[in-house]
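Here is a short briefing for a reader new to this structure.

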Amino acid sequence: MSIYLIVFLPLLASILAGFANKSLGFVVPKVLTTGALFIACGLSWPIFIAFLTGSAEASVFPVLKWVASGTMTFDWALRVDTLTAVMLVVITSVSALVHLYSWGYMSEEPDQPRFFAYLSLFTFAMLMLVTADNLVQMFFGWEGVGLASYLLIGFWFRKPSAGAAAIKAFVVNRVGDLGFMLGIFGTYLVFGTVSIPEILHAAPTMAGSTIGFLGHRFDTMTVLCLLLFVGAMGKSAQLGLHTWLPDAMEGPTPVSALIHAATMVTAGVFMVCRLSPMFEQSETAMHVVAVVGACTCFFAATIGCTQWDIKRVIAYSTCSQLGYMFFAAGSGAFGAAMFHLFTHAFFKALLFLCAGSVIHAMHHEQDMRFYGGLRKKIPITFWTMTAGTLAITGVGIAGVIGFAGFYSKDAILEAAFGSGSQVGTFAFWMGIFAALMTSFYSWRLVFLTFFGKPRWNQSEHVQHAVHDAHGHGHDDHAHDAHGHDDAHAHDDHAHDDHAHAPADLGMRGPDYGDHGDGTGGYHPHESPLVMLLPLLILSVGAVAAGFVFNHTFVSEGEGEFWKGALVFHEHLIHAMHGVPMWVKWAPFTVMAIGFVTAWYGYIKNTAFPKAVADQLGPVHTFVYRKWMFDELYNTIFVKPAFWLGGVFWKVLDIGIIDRFGPDGAAAVVAKGSTYAQKVQSGYLYSYALVMLLGLVGAISWVIAG
Amino acid sequence: MTGFPILSLMLLVPLLGALACLFLEAKAARTVALLATLVDLVLGIALWMNFDVGGAQWQFTERLNIFSGFTYALGIDGIALLLIMLSVFLMPICIGASRSIEKRVGEYMAAFLLVEVFMLGVFMAQDMYLFYMFFEAGLIPMYLIIGIWGGADRIYASYKFFLYTLLGSVLMLVAMLWMVHTAGTSDIPTLMAYDFDPHVQTWLWLAFFASFAVKMPMWPVHTWLPAAHVQAPTGGSVILAGVLLKMGGYGFIRFSLPMFPEASVYFGPLVWGLSMAAVVITSLIALVQSDMKKLIAYSSVAHMAIVTIGLFAFNVQGLEGSMLVMLSHGLVAGALFLCVGVIYDRLHTREISRYGGLAINMPRYAVFFLLFTMASIGLPGTSGFVGEFLSLGGIYQVSTWTALICTTGIILGAAYMLYLYRRVVFGEQKNADAAAMPDLDARELAMVIPLALAALWMGVYPESFIAPMRADIAALDARLARAKPAGDSAPTPGKAKPAHEEAAAHGGSH
């Protein structure tokens with residue numbers, strides 16, 4: 001029964017905090033929302049542990065009738081099974097920690113209650129998504145998290161770039177939702193229900209059936225799964241529908257950690273796992289899932305290697321890791337996909353929050369070219385971030401011990417290879433390349449940020465801090481984020497390049513400070529305890545989540561843990577264990593190569609990256625400009641939409657319909673206008689009366705006659 | 001006449017109010033109008049309370065033979081009940097929104113109350129001629145509201161409105177006369193069960209279509225709507241979007257579908273085509289508007305297209321969905337026009353670019369505007385979603401192409417509404433006068449809060465609104481069953497795999 005509290009406490013807290021807004025000060029809304037989340041978190045772990053120990057059974061808790069239209073019925077209800085339990089602990093734990101972290105990170109923010117209300121609202125929607133017992137409630141959560149994401153990306157609504165990013169996130173997600181909605185319609189048409197258990201139960205009976213779609217006939221399950229998968233692609237930022245995720249970094253960093261790394265973006269993976277018995281029925285759909293995932297994981301990793309904005313690097317990293325989860329699912333290893341989702345939530349949230357801590361220390365500077373040498377200044381952030389990096393790059397020794405990502409990523413790669421299909425092999429190789437790049441960009445981030453000499457003096461943000469310090473104390477570091485006095489400084493982040501940014505490392509821009517040590521006279525400070533505590537707790541997860549839960553999620557015989565909540569292939573587990581030795585060692589090898597390359601390029605020989613980039617020329621530019629997706633979509637979707645809108649309006653509506661329609665007719669009766677104008681100044685009731693009497697008279701004449 | 005004539009009373013109250021307003025000075029007229037509409041709201045609630053869900057199809061019937069062939073017959077079913085509730089709910093809000101009217105207040109209020117009388121009459125009438133009278137008469141006060149109290153271009157707008165809607169109706173009148181002669185009665189319930197020759201149905205259907213399509217409005221006979229909305233005063237826009245646009249949908253569901261089932265199915269693809277065109281074209285047009293009211297007016301056309309595809313899906317989900325879209329649109333589009341009116345009253349411009357950063361000085365306004373924006377783009381949990389979802393789900397069963405094209409409306413809708421919201425509410429305060437505008441006052445809150453609550457109610461627990469019409473929709477569905485199209489997506493039964501193969505379905509693939 002505690003599930004009611006888990007789900008609805010955050011909603012209640014959100015409503016109260018939102019309505020109270022600033023009238024009760026900042027502390028009450030913060031305590032309400034954070035308290036609600038810690039209670040929810042405290043109640044979630046026992047549920048998860050009950051499923052771990054096998055003492056809990058899947059159950060559904062009804063809430064309220066929703067819609068009953070003919071045979072289409074769906075109600076509000078909370079479903080709790082193993083899959084939900086996993087998501088519950090992920091969501092509530094990360095959310096609670098992010099709430100806590102935000103006490104520090106947002107402490108200068110005048111709109112704090114609104115921020116916390118949004119965070120809790122998001123958590124509620126996400127919980128509704130993972131507890132959904134029918135597809136429509138899942139869609140409710142799906143769109144609900146979209147709304148919260150929109151609000152949080154646009155939290156600093158004064159910034160034009162934030163407003164634009166918020167719209168982009170919502171609209172691109174809606175493209176995915178189009179697929180999701182059609183998928184639900186199709187599912188209802190085929191199965192006569194939108195209840196998830198009933199659909200999953202009936203799914204195997206529909207193998208081999210065909211369905212009409214857009215005038216052609218296709219395999220039923222393929223159509224349904226692919227439509228639903230379009231939704232998953234949107235929410236989980238897969239190749240083609242990923243463009244919103246990097247822009248979503250306009251939101252405050254705690255938001256990026258919670259929504260755009262740990263929880264919301266994994267909803268697509270969750271959906272595919274939840275509906276795994278459906279996807280299993282269509283080999284084509286599985287292959288598409290695997291290929292899209294593999295391509296995304298590769299493509300996003302390439303971009304991650306070239307970006308300078310610390311948050312964007314992590315954003316592309318997230319995109320890439322989601323790709324891993326999808327190709328695991330597409331290879332049939334749903335358990336491994338969920339395992340990676342689980343571990344990724346901890347270490348990616350950790351990485352984002354660490355990045356937030358760095359940004360906090362660096363006065364909202366996000367460009368890594370202006371970092372450097374921060375290791376000694378913010379040691380706790382450094383060590384926790386290192387833990388996160390060890391986790392994401394998958395450091396570990398096969399068969400002995402390793403960090404979280406080591407277990408889950410290796411499980412995915414082995415499953416892809418072990419599945420033995422061509423698609424699996426393709427995914428495996430893409431995954432290996434991506435793992436190399438993951439290691440490279442992650443260590444690159446660490447080296448650029450924490451090692452080398454300080455390069456802070458070239459940062460405008462830092463300069464502001466230094467100048468402010470003379471005026472009114474250097475703690476006023478959130479000021480430009482919400483545009484009190486110099487919003488322009490922050491707006492620069494909408495662009496990929498600072499106007500003043502040096503073309504590359506090592507090239508000196510104008511040196512504002514006269515300290516000669518690259519610090520520009522700036523002294524970064526370690527973040528307060530409320531921010532460090534979540535980092536430390538998440539570090540534990542990043543270190544330990546792998547070896548503690550490895551057995552549970554992906555080992556032989558552990559189909560029992562899942563209890564049918566997703567499809568679990570024993571034979572795939574066997575295949576994973578049977579892969580050749582080089583496959584087992586490949587991830588470790590590429591991880592090491594990536595590490596050494598990053599070390600060489602960013603510590604040993606800092607001129608090397610620029611030389612390579614120059615050598616690659618247009619290839620580097622293409623990757624640096626994010627494979628030109630934004631430019632492409634602007635050209636083929638956004639601009640034509642506005643152009644067409646103008647044409648339809650001016651030419652079609654005004655030029656044709658009006659001209660030959662009412663205006664033409666009006667010209668004919670123009671003479672009548674003189675009479676009508678009299679009426680305008682006359683008495684309306686007399687006019688109305690005449691009209692009515694005329695009508696009645698006419699009708700009765702016709703009838704009587 | 002059976003029982004207490006509550007329906008007649010609901011017509012009489014605003015009628016008397018209208019007459020009184022004509023002879024009262026401004027302040028008293030406002031009070032009388034507000035009182036009259038509130039009394040009607042109370043009567044409406046009583047009506048809903050006493051409506052026997054699952055009881056007789058026609059309830060609260062009243063009959064009075066006036067002269068040969070013309071009967072004063074009232075009565076409602078669940079469908080009419082819901083639209084009546086929508087009307088009486090919106091009317092006090094419209095009166096409240098008319099604070100800025102200073103010219104000829106008494107006559108303005110009288111016109112509004114007359115609109116209410118005629119609208120309610122449309123939904124209550126059980127006699128075809130009575131229906132026609134109310135249906136056409138409703139035009140007159142609306143025409144005057146636009147023409148007298150409208151904006152700068154009001155004369156043109158009112159002509160356009162009048163021409164479109166009246167010319168469409170002439171054909172309908174002819175068809176009605178023919179029907180009454182053939183069937184020998186003007187009683188609507190009887191005609192709803194009367195089987196006209198399918199060949200004749202096509203002509204009759206087209207004649208009715210001419211009128212309803214304009215009222216709806218469907219593309220391409222929609223161009224009166226943006227003009228009318230832009231010029232109408234706020235209250236006029238609310239009632240126009242809120243209730244007058246529902247008369248077309250009501251006409252389809254009351255006349256076209258049950259009286260001409262074969263013709264409706266025959267012309268289904270035509271309606272789908274026009275609806276698809278409407279969703280895409282008007283949504284794109286909405287995207288490029290710089291006038292707030294025009295933007296919302298175009299979005300109304302797109303929403304009404306969802307109504308028509310729901311109606312012409314010929315199944316329960318589609319029909320109930322389209323009813324819910326109508327109700328939701330009534331609330332939400334009304335609320336959005338109200339939101340525009342709120343800032344128009346302060347700055348006297350509808351230019352989007354004159355605003356910006358309103359979240360800073362009008363935070364409450366920003367919240368409500370956001371809620372209605374989300375309801376308009378069909379966020380689950382708000383009223384917009386349930387109807388849209390059911391309508392689109394209904395049409396999917398009949399035509400996947402139509403479903404696909406019309407579902408793009410959720411993308412385009414999000415684009416133009418959020419783009420509007422961003423330009424008005426987000427961003428910096430570019431204009432000093434916009435930045436100085438005060439937040440919602442008590443009167444304005446009293447108008448938007450009920451709308452917001454209703455929109456959420458309908459989104460979270462739509463059962464309250466589905467229950468009254470369930471039996472009527474089922475009856476209509478049964479009536480349409482004989483002509484129902486097969487649908488282009490029918491699945492073939494699957495060949496269930498043997499158990500062992502099923503377990504190895506994936507393993508076997510490599």
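Tyr324(A) is buried, and Phe327(A) is buried too. Buried means under 20% relative accessible area, exposed means over 50%, and partly exposed lies in between (1.4 Å probe, protein chains only). This is a predicted model: local features need pLDDT of at least 70, side-chain atom pairs count only at pLDDT 80 or more, and totals for chains, interfaces and linings use all residues. Residues are numbered from 1 along each chain as its sequence is written, chains are lettered from A and ligands numbered from 1 in the order in which they are written, and side-chain values use heavy atoms, leaving out hydrogens and water.

**Aromatic pairs**

- Over all chains, the structure holds 90 aromatic pairs. Rings of Phe, Tyr and Trp (its six-membered ring) pair if their centres lie within 6.5 Å; planes under 30 degrees apart count as stacked, over 60 as edge-to-face and the rest as tilted.
- Tyr324(A) and Phe327(A) make a tilted pair, with 5.5 Å centre to centre and 45° between the planes.
- Both residues lie in helix H14 (residues 310–330) of chain A, three residues apart, about one turn of the helix. Helices (H or I, at least four residues) are DSSP runs, numbered from the N terminus.

**Charges over rings**

- Lys30(A) lies over the face of Trp103(A), 4.7 Å from the ring centre. The rule asks for NZ of Lys or CZ of Arg within 6 Å of the ring centre and within 35 degrees of the ring normal.
- Arg444(A) places its charged end over the ring of Trp308(A), at 4.8 Å from its centre.

**Cysteines**

- A disulfide is a pair of cysteine sulfur atoms within 2.5 Å.
- Cys319(A) is in no disulfide; the nearest cysteine sulfur, in Cys297(A), is 9.8 Å away. Cys319(A) counts as buried because its relative accessibility is 1%.
- In chain B, the sulfur of Cys339(B) is 14 Å from the closest cysteine sulfur, that of Cys94(B), too far for a bond. Cys339(B) has 2% relative accessibility, so Cys339(B) counts as buried.

**Nonpolar surface patch**

- A nonpolar patch on the surface has about 710 Å² of accessible area together, and its members include Phe595(A), Trp599(A) and Val619(A). Patches take residues with over 30% relative accessible area and no salt bridge, joining nonpolar side chains (Val, Leu, Ile, Met, Phe, Trp, Tyr) within 5 Å and like charges within 9 Å. A salt bridge is a side-chain nitrogen of Lys or Arg within 4 Å of a carboxyl oxygen of Asp or Glu. Accessible areas come from the Shrake-Rupley method with a 1.4 Å probe; for residues, only the protein chains shown count as cover.
- H24(A) gives the largest share of the patch, five residues.
- Val619(A) is in helix H26 (residues 618–624) of chain A. Val619(A) counts as partly exposed because its relative accessibility is 46%.

Technical notes
Helix = DSSP H or I, 4+ residues; strand = E, 2+ residues; numbered from the N terminus.
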